[in-house]
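Dear colleague,

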Amino acid sequence: MERRGLLPFVVTAFFAVMISLFAFSLMDSKDDAPKTQTTTDGQSKSNDSDISNQVKNNIKGNKANVNNSIDNDLNNGEDSQIDNNVTNDIEVNVDVNVTNTIKNKADKNQDSNQTGNGNENSGTKDSSGDKGAKNDQDGKSEDDEVVWGVDSASLTTSDLLSCVRENFGSPKVWGRYLGEKEGVSAGITPQEAELLQRNDIKLLVIWNRFNEATGLENGQSEANAAVQLAKELGIPEGVAIFADIEPDYPVDSAFIEGWYQAMEESPYHPGIYGIFDKEQDLTKSFSQAAAENSSLLENTFIWTAAPIAGITKQEQAPGYKPEAPANSLIAGWQYGIDAKACNIDTNLFNKDILDVLW
């Protein structure tokens with residue numbers, strides 16, 4: 001009788017223990033649930049968020065076009081951390097275009113830390129130059145990769161430099177001519193070069209002592225003459241020399257090929273200046289020469305006067321939109337000509353060509 005009397009109490013105690021264990025199990029599972037709920041494009045809507053994005057590009061070849069985009073959107077976080085890292089390791093000869101875009105948005109956070117929002121670009125390029133690696137982070141535009149400059153047919157004096165600075169801006173590049181062309185332009189002198197370089201201005205070297213741009217031998221002859229005078233002036237190796245092909249000059253692909261060949265055999269780099277809009281004979285001749293010689297397209301610097309936007313002050317310069325043959329090595333854009341003050345033209349230049357200026 002006594003054992004049967006204890007049995008109901010034992011059963012009741014057993015079920016009480018089992019129910020307690022089940023309840024604790026449910027509580028533990030809730031504590032182990034993830035605190036962060038991550039959705040597409042790095043969106044987080046929790047109290048605690050940790051986001052880490054790592055992007056690495058390792059690229060080799062002749063051309064590269066890289067576009068990396070990271071978008072993190074955090075809402076209502078109390079203690080959030082974002083870690084973004086983009087590394088571009090690029091080994092490309094010519095034509096590099098890199099875009100890294102990182103956007104972080106953290107709303108209503110008590111303590112939000114954005115760390116490691118880093119862009120790292122490394123790589124090599126050959127002596128032909130680089131069309132420009134564009135790094136776009138948090139709204140940085142391609143215009144950040146250009147510099148403002150001028151060119152002039154007049155001898156640069158302290159007065160002319162002051163005139164430009166007072167009326168237009170502070171140029172980083174100044175285009176000047178090799179040798180005098182009577183009635184057209186004064187040739188650069190060593191004293192003038194020293195004045196500009198002392199004021200942290202690079203010289204863009206122009207050759208204009210011809211009136212006809214036709215024939216292979218003619219192109220070679222003009223290039224050789226330009227090279228000889230450049231050496232006499234002490235212009236260092238590795239500088240680009242631009243053949244000035246005006247819109248009223250007869251021009252053909254043979255001249256452009258001849259200019260390129262002779263320049264490539266010299267210590268200098270080939271460059272061509274002109275109005276490179278689609279309707280010009282210069283554009284058609286250059287495109288023909290480039291189709292016959294891909295190295296010419298890759299290694300000839302183009303300084304284009306198309307389109308014409310008009311003279312401006314430095315701070316009012318237009319967005320950098322030069323017109324030139326497809327896939328050409330664009331050095332700069334003469335967007336305004338014949339200023340009423342100071343006798344200059346206004347330009348925008350790709351920062352990368354500073355390495356091939358004097």
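G175 stands opposite L204 in strand 10. Please note that this is a predicted model. Strand 10 spans residues 202-207, and five of its six residues are buried, so it is largely enclosed by the rest of the structure.

Strand 10 pairs in the parallel sense with two strands. With strand 9 (residues 173-177) the pairing runs over five bridges; with strand 11 (residues 240-244) it runs over three bridges. In the latter pairing, V205 stands opposite I241.

**The disulfide**

The structure has one disulfide. It is formed by C163 and C342, whose sulfur atoms are 2.0 Å apart. The link is left-handed, with -85° about the S-S bond. It joins distant parts of the chain, 179 residues apart: C163 lies in helix 2 (residues 158-167), whereas C342 lies in the loop between strand 14 (329-336) and strand 15. C342 has a relative accessible area of 10%; because this is under 20%, C342 counts as buried.

**N347**

N347 belongs to strand 15 (residues 345-350) and is buried, with a relative accessible area of 0%. The side chain of N347 reaches the backbone oxygen of D345 at 3.5 Å. Leaving aside residues up to four places away in sequence, N347 touches several others, among them W148, D151, W303, W333 and Y335.

Yours sincerely

Key
Residues are numbered from 1 along each chain as its sequence is written. This is a predicted model: local features need pLDDT of at least 70, side-chain atom pairs count only at pLDDT 80 or more; totals for chains, interfaces and linings use all residues. Side-chain values use heavy atoms; hydrogens and water are left out. Helices (H or I, at least four residues) and strands (E, at least two) are DSSP runs, numbered from the N terminus. Buried means under 20% relative accessible area, exposed over 50%, partly exposed in between (1.4 Å probe, protein chains only). A polar contact is a pair of N or O atoms within 3.5 Å; within protein, one must be able to donate a hydrogen and the other to accept it, and residues adjacent in sequence count only if both atoms are side-chain atoms. Contact means heavy atoms within 4.5 Å. A disulfide is a pair of cysteine sulfur atoms within 2.5 Å. Two strands pair if DSSP finds at least two bridges between them.
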